[in-house]
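Biologist: I have this one open in the viewer now. Can you take me through it, starting with whatever cut-off you use for burial?

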Amino acid sequence: MATFFGEVLSVYSRAVEEDDDELDENEEDEQIRRELEEKREVHLHWSPEVSESLKSGNKLQCSDFILAVGQNASSFLSVHILSTPNWDTIGRASAWNERSRAVTGQSCEESACVFYRHKDNPTVLICQVSCYVAEDQLFQWTEKVFDCLQLRELNVTVLSDTSVADYKTADYLGGSSAPFLRSLHTSAFGDQPVCQSLEQPNIVTGLAAAVLNHCQVHRIAAVVYQCYSDVIGPDSVTMETYKPVLTKLGRSIQLDPSPSTDALRKFVRTTDLQSNLYI
């Protein structure tokens, strides 16, 4: 820029410098976003045998897939089904999120998502999920797990814990009413549920909802049994609410309908049961 006296001055623009700073910040934000997405990706870790089979293009042969979501649902399977020596651990899933490292009172193994396969009937698979799966991880968890399964003639049973405070009804719901069971199934499900259907406007949320939605889209027979409880943490009474499901699961696997007191005590750690209705 030339002055009146012919002196040439350099042109300085604050806008150019601010645009450069904004560009650097956008690139930095984008890098952080990519790193966070990679960190929050769901990873499946299979046993060497299963991994080799999947790499060869095969799918896990599966006629019955039983999924337990929540501490009581998972403990119910541990006490009544996985207590028998007929199961092999074949894999686990990991999903890092804002709550995965903040789980109190649980070890890494307990807070993991673990897959089991029946030794005598290897088409029966069980998955226990006692860890938190974030909303943005639900779709990829469901897609990755079901992508490993043979979907033809697959039957899916989901046991899911939830708080009775989330249950909506026009009638008064006394504390003695909980825990109780409700069901919701896909259109491909042709069997009779062991309890009454979930009433409107109640909904299923979280991983149970993601699995049910996936099964509906892909025309897979699936049913969700949602247990509404007023107790925080593992509770033997809440676990027993799932017991009617044993009549269905007992068709294909060996069950322990009357577990020992020691077996129950192993999973029920809380002695001072508290209601969460008024917390």
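Modeller: Buried means under 20% relative accessible area, with a 1.4 Å probe and protein chains only. Keep in mind that this is a predicted model.

Biologist: Fine. Where does C113 fall, buried or exposed?

Modeller: C113 has 1% relative accessibility, which is under 20%, so C113 counts as buried.

Biologist: And which cysteine sulfur is closest to that of C113?

Modeller: The one in C127, at 3.4 Å. A disulfide needs the two sulfur atoms within 2.5 Å, so this pair is too far apart for a bond.

Biologist: What else does β3 pair with?

Modeller: Strand β1, residues 43–46, through four bridges. β1 and β3, the latter spanning residues 87–94, are antiparallel as well.

Biologist: Which residue in β3 is the bridge partner of H45?

Modeller: R92 is the partner of H45.

Biologist: How do side chains sit along a regular strand?

Modeller: As a general rule, they alternate between the two faces of the sheet.

Biologist: Switching to helices. Where is L212?

Modeller: L212 lies in helix α5, which runs over residues 206–217. Its relative accessible area is 11%, so L212 is buried under the cut-off of 20%.

Biologist: What does L212 touch?

Modeller: Leaving out residues up to four places away in sequence, L212 contacts L184, H185, T186, A222 and V224.

Biologist: And how far is L212 from V223?

Modeller: Their C-alpha atoms are separated by 7.3 Å, and the two residues are eleven apart along the chain.

Biologist: Now the overall numbers. How many helices and strands?

Modeller: Eight helices and eight strands. The chain has 279 residues, of which 42% count as buried.

Technical notes: Residues numbered from 1 in each chain as written. Predicted model: local features only at pLDDT ≥ 70, side-chain atom pairs only at ≥ 80, totals over all residues. Heavy atoms only, no water. Pairing = 2+ DSSP bridges. Helix = DSSP H or I, 4+ residues; strand = E, 2+ residues; numbered from the N terminus. Buried < 20%, exposed > 50% of the residue type's maximum accessible area, 1.4 Å probe, protein only. Contact = heavy atoms within 4.5 Å.
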